Amino acid sequence: MSNPPAADTGLKVTGPQVIQRLDYRAPDWLVPDITLEFALSLDATRVRATLDVERNAEGETGAPLRLNGDGIAVAGLEVDGKALNDWRMDGNDLVIDLSGDKHRVVIETVINPTANTQLSGLYASGGMLCTQCEAEGFRRITFFPDRPDVLSRYRVRMIADKAKFPVLLSNGNPVASGDAHKNTHWAEWHDPWPKPSYLFALVAGDLVATRDTFTTRSGRKVDLAIWVRPGDETRTDHAMRSLIASMKWDEDVYGREYDLDLFNIVAVADFNAGAMENKGLNIFNTRYILADPETANDGDYDAVEGVVAHEYFHNWSGNRVTCRDWFQLSLKEGFTVLRDQQFSADRGSAPVKRIEDVRILRAAQFPEDSGPLAHPIRPDSYQEISNFYTATVYNKGAEVIRMMTVLAGAERFRKGTDLYFDRHDGQAATCEDFVKAIEDGAGLDLTQFRRWYQQAGTPHVAVTLTHAGETATLTLRQTVPATPGQPDKQPMVIPLRTALFDRATGANRGEHLLVLTGEEQTFTFDGFAELPVLSINRGFSAPVAIDNPSSDADLVFLAANDDDPFARYEAMQQLVVRHLVAAVGGQLDDAARSAGRAAIGKALAAVLADPALDDLMRGELVILPGETYIAEQLSPVDPGRIRAEREALKAWLGTTLASEWKALHDRTSAVPYGLEAAARGARKLKTQALVYLAPADPAEAVARASAQYAAADNMTDRQGALMVLCGLDGAEREAALADFHQRFADNALVIDKWFSLQAGSLHPRAIEHLKALAKHPDFTLTNPNRVRALYMAFAANTAAFHDPSGEGYRIIADLILALDPINGNVAARFVAPLGRWRKIEPARAALMRAELERIAAHSGLSRDVTEQVGKSLE
Ligand code: ZN
């Protein structure tokens, strides 16, 4: 995105323009119909847009027609069939005075897709042409009221070279097509469903389709196609299966049926985000479509399934009911993430899915909520909307709606969503509309609950449990931390699924839904002869941090015995987090360290031995809490010490349970490849065993990892082995890396893994490796996947990124400056790691701040980077 030039008012622009949620005004003009004619070519595409405009009764009387543009110029303009010269530019906006209430406006623009490195608007990717219009990309194609509350019916005609662009796709249904002059051909598409401009899409290229069909429950036969580059069609089966399963699931669980005769998906290699829900023509990053056992690991399979479902579910939660303005983004994203999470839970192991989702929330959203970029799930202001496609809007947004399901129960929640879809079908709605529909449909009072939409910050709940006579008394006290612009907070509604276990018998005495609404509340439970064992926030029923008073012994008990699988995992995590936080803080003497380790070792041994556990769940229970989550519990943070203590614990567990890990590796290595849960669980544990053995017995780990690599008939085993080798020294490491690169040289997605594994490795010289990789011929700043593969993995590699020399910070700042002119949207994503400086120990914090200041001193930064850097320095 480019900076907004000073509006032609004679006034100087003093600061960045801030858009406020409460400034929303209805559009002055509507565009019920639009026809777009494209003469497509890679470097000069002509666009002729015919807009039927009419005044909006709710708009300002007599207002001129104001159309947004970004980096485009008017090449021709007609109103009601006559050339018009009486128009003006106001900054990026095209302004036309119109006397009547209805007009036909025809605008011509010429754009260069090849020069579009921002990948927003119409751009070229590997010889094909495609669009990305969310949030504000449509204005880079033509002038338009580019806001989600202007809904239009689209007719699209494309003409293009027949050999270069044999396939021409747009939203809705194909109407007609044919050959044209010279070597060109044309196609016309029509989308009967009115939609905002951000859902417009066009694709032209040499693509091949994998096809299938789905018959909806009311009998509509839908043709399904997944379009990829020739050669990739062998890797679309999983995506197609996932699509069909999603279509069925949305009918069964939410009563939502697909509404066109055709559903197209296109995979492109250059894409800023994961995928895009354009009406009837979803466009995907290749990494969320292409999968086969040889090139995609089990996590990739899950990601494909989840993202295909996510985009499909948007057809209702996003497209049929869209957003009034971009502050309402969580209306579609929070709800759709919840829906895709529920779908994946139903498809595989629900407890494991829940654990994975919470792990993502803690690793990505909790740090956001406690840093300078914290914002409510419905933000109050923004400079650049692209910066608000965040873990807060998406993942915390999903957690907030999930709490509604906890409060209402599945059946009543469904009544709420039915009412929501019914009431708002065809509309551009608000988060408030959603909450009101759930209130009315599910019969809930969400008055206080609405604070989840208003207040940022992760609530903390301090817990005490006491016992006297026959009564256990549980006291809960909540605090919501101050966040930028929100110093004082009101208490939230926090639903906590809670159980008490009888200490003598180990029996669960029943689960209660405790709803904390005040700052402090006390709950009593009778019939306990002694202090019970507490299991709280089961299933992670609320996205909060619990300060849990349970003893290590109680946590060991829960890790082995809790009947809620999430609570089991949580007890295990708590046990380790508590130990590592104390160790990093220097609070452990030798005796305390031994006692802590012994408790963790005991719990882990029990998990390894428990015959009742399936391997997929066992695999979750043995994963140590991540470094960022540990860092969240500390202030100030010394990232080097977190790495050192976490690795030391791993080494101790690797040594103490060495024979268990070897036996586990032997057992799981004998399980043949398959996509079923048991085989997947075995693969997860196979690599985990190596992860523990690596710091304990490097020679043994290298030998086993090399063997695993050599024997691998799937990417999960191969990548797991290579990950472990990457953290260690030796000829085996170099040999495996060379083999991997050569074996997959023609597969960009796998080469991304090759970059990530090295940039994210535990190897002490990871910085050196990163610097060499940045100069590798396969590296490029113009492909977002490649940039993220190298540098996001590095920024997440805490010990390397936080190297005391400050070199890691310099590398990321240099990257931001180099990438910003190419792709400001992706560049801005790298600011957050530097923005965390306030929580880091003072020496490193000063270096991080200095890099942010160095970036800020540059002129001509994108609005994206300007906003993130500005907020990080405030
Ligand atoms: Zn989405």
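## Close-up views of a predicted model

**View 1. F501 stands opposite V533 of strand 30.** The model shown is predicted: local features require a pLDDT of at least 70 and side-chain atom pairs a pLDDT of 80 or more, whereas totals for chains, interfaces and linings use all residues. Residue numbers start from 1 in each chain and follow its sequence as written. Strands (E, at least two residues) and helices (H or I, at least four residues) are DSSP runs numbered from the N terminus. Two strands pair if DSSP finds at least two bridges between them. Strand 27 (residues 494–501) is joined to strand 30 by four bridges in the antiparallel sense. Both strands belong to an open sheet of three strands, ordered 28-27-30 with antiparallel pairing. Strand 28 (508–516) and strand 30 (533–536) are its edge strands, each pairing on one side only. From one strand to the next, the twist averages 25°, the axes being lines fitted to C-alpha atoms and the angles running from 0 to 180 degrees between N-to-C directions.

**View 2. Residues 457–547 carry a UniProt annotation.** The unreviewed entry labels this stretch "domain: Peptidase M1 alanyl aminopeptidase Ig-like fold". UniProt positions are given in the numbering used here, feature names are shortened, and annotations may be inferred rather than shown by experiment. Over residues 457–547 the chain is 54% strand and 0% helix, and 16 Å lie between the end C-alpha atoms.

**View 3. Domain 1 touches domain 2.** Domain bounds, from an automatic or database domain assignment, divide the protein into domain 1 (29–205), domain 2 (207–319), domain 3 (329–453) and domain 4 (460–548). The centres of domain 1 and domain 2, taken over C-alpha atoms, are 26 Å apart. In domain 1, 21 residues are in contact (C-beta atoms, placed from the backbone, within 7 Å) with 21 residues of domain 2. Strand 11 (128–132), strand 13 (167–170), strand 15 (184–195) and strand 16 (202–205) each contribute at least two residues to this side of domain 1.

**View 4. Strand 3 (residues 45–55) presents alternating side chains.** A residue is buried if 20 or more other C-beta atoms lie within 10 Å of its own, exposed if 12 or fewer do, and partly exposed in between, with C-beta atoms placed from the backbone. In a regular strand the side chains alternate between the two faces of the sheet. Strand 2 (residues 29–39) pairs with strand 3 in the antiparallel sense over nine bridges, and L30 stands opposite E54. Five residues lie between these two strands, which form a hairpin.

**View 5. I107 lies in strand 9 (residues 102–111).** I107 counts as buried because it has 25 C-beta neighbours inside 10 Å. Leaving aside residues up to four places away in sequence, I107 touches A49, V74, L77, T142 and F143. Strand 9 runs antiparallel to strand 3, joined by 10 bridges, and V105 of strand 9 faces L51.

**View 6. Helix 28 (residues 863–873) is largely enclosed by the rest of the structure, because eight of its 11 residues are buried.** The buried residues are R863, D864, V865, T866, E867, Q868, V869 and S872. They pack against helix 24 (807–819), helix 25 (824–828), helix 26 (831–835) and helix 27 (842–856).

Technical notes
Contact = placed C-beta atoms within 7 Å.
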